[in-house]
Amino acid sequence: MLTLTPTVTVPHEVKSAFQLLSILEFVVGVLANAFIFLVNFWDMVKRQPLSNCDLVLLSLSVIRLFLHGLLFLDAIQLTHFQRMKAPLSHSYQTILVLWMVTNQVSLWLATSLSILYCSKIIHISHTTLFCVVHRFSRKIPQVLLGVILFSCACTFLCLWDFSKRSRLMVTTLLFMNSTEEENAKIRFFYSFLFCNLGSILPSLYFLASSGLLIVSLGRHMRTIRANASGFHDPSLEAHIKALKLLISFLCFYVVAFCTALLSVPLIMWWQNKIGVMVCVAVMAVCPSGHSIILISGSSKLRRAVETILLWMQRSLNVRVKQKADPRALC
């Protein structure tokens, strides 16, 4: 007797809501990162020297624009082209690989930002560590070039690994039994983990520099208490602002990485498309959220926001006056 396997489908309402949310996240992410890019790029056009922090923020905004584009393509691929029972398509695999590499590049840039904060804020007594940190802060353009080369190498290795494993997986799914099919999916999951090995080194640097900031903040707080001075201290405020930016990035990065890791078994073993949609939505929120925090934590970007809001308010007032007084149009 022939038995029919029910098709895994997603309700139209859920799919429409996910598409609307994806568009909203894409627009917010593009606007926030395009704003960071344009503010710093305009300073370059005016031949104003960019600080090392601004240079890293400029690079980070470009990477996140690309990241949001990938996540939007991921959402389109998931809702319109990828079937749960079918093997992962090559286009979906390529999007996953590029997302992982781009996410690693953003981690390297955030690590560079954390080391720059260390060199500017904390007082390092250890001679070797002092030389390393300050030499790094003077070599930011070379560091950014190294990050680009590293990302290109990671992209090549991951695409080569994915293409090799995906051909094996498709062949296995077509001609092998269920046990070998399961082994092919496990190999695919290992390939996903392999492509994230490049995150280990920048993660260690990021945690080390953030730890130095926390230790320095603790020492500074003890000094303030010992001297019985007020808490409105510029160095204290710099410590707290830097830690807010770094801890928020760490939280967003961990959440995005864990949801990306969870999305692989959801789509391959459990065929839970709604769960994968939730993961993709969370992954898109993380870079947008940190970009907004970066804008709020930078005095230069805040001034640019205030200037734009003031210009919009003046333009709105002019339009209101023109509508109230038709003779003003003559």
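## Tyr205 and its contacts

Leaving aside neighbours within four places in sequence, Tyr205 is in contact (heavy atoms within 4.5 Å) with Trp108 and Thr111. This is a predicted model, in which local features need pLDDT of at least 70 and side-chain atom pairs count only at pLDDT 80 or more, while totals for chains, interfaces and linings use all residues. Residues are numbered from 1 along each chain as its sequence is written, and side-chain values use heavy atoms, with hydrogens and water left out.

Tyr205 belongs to helix α7; helices (H or I, at least four residues) and strands (E, at least two) are DSSP runs, numbered from the N terminus. With a relative accessible area of 43%, Tyr205 is partly exposed. On this scale buried means under 20% relative accessible area, exposed over 50%, and partly exposed in between, with a 1.4 Å probe and protein chains only. Ile115 is 90 residues from Tyr205 along the chain, and the C-alpha atoms of the two are separated by 8.2 Å.

## Overall make-up

The protein has 10 helices and 0 strands. Its elements, taken from the N terminus on, run α-α-α-α-α-α-α-α-α-α. Of the 330 residues in the protein, 42% are buried. Among contacts between residues at least 6 apart in sequence, 78% join residues at least 24 apart.

## Nonpolar cores

A nonpolar core is a set of buried Ala, Val, Leu, Ile, Met, Phe, Trp, Tyr and Cys residues joined through side-chain atoms within 4.5 Å. The largest such core has 37 residues, of which Leu109, Leu113, Tyr117 and Leu213 touch the most other members. At least two residues of this core come from each of α1 (12-45), α2 (52-80), α3 (90-121), α5 (140-175), α7 (200-227), α8 (234-268), α9 (273-297) and α10 (299-324). The greatest contribution to this core is that of α3, with 9 residues. Another core, of 15 residues, lies apart from it and includes Leu96, Val264, Ile267 and Ala281.

Axes here are lines fitted to C-alpha atoms, for helices over the stretch in contact, and angles run from 0 to 180 degrees between N-to-C directions. Angles under 35 degrees count as roughly parallel, over 145 as roughly antiparallel, 65 to 115 as roughly perpendicular and the rest as oblique. A crossing is left-handed if the near helix is turned anticlockwise from the far one by less than a right angle, and right-handed if clockwise.

The axes of α1 and α2 are 9 Å apart, at an angle of about 160 degrees, and these two helices are therefore roughly antiparallel. The crossing of α1 past α2 is left-handed. For α1 and α9, the axes are 9 Å apart and the angle is about 20 degrees, so α1 and α9 are roughly parallel to each other. Here too α1 passes in a left-handed crossing. On the α1 side the meeting residues include Val14, Phe18, Leu21, Val28 and Phe35, and on the α9 side they include Ile274, Met277, Ala281, Val285 and Ile295.

The axes of α2 and α9 come within 10 Å and cross at roughly 160 degrees; α2 and α9 are therefore roughly antiparallel. This crossing is also left-handed. Among the residues making the contact are Leu57, Leu60, Arg64, His68 and Asp74 of α2, together with Lys273, Val276, Met283, Pro287 and His290 of α9.

Ser248 is in helix α8, where Ser248 is buried, with a relative accessible area of 11%. Its side chain reaches the backbone oxygen of Leu245 at 2.8 Å, a polar contact being a pair of N or O atoms within 3.5 Å; within protein, one must be able to donate a hydrogen and the other to accept it, and residues adjacent in sequence count only if both atoms are side-chain atoms. Apart from neighbours within four places in sequence, Ser248 is in contact with Leu243, His290 and Ile293.

His239 also lies in helix α8. The relative accessible area of His239 is 1%, and this residue is buried.
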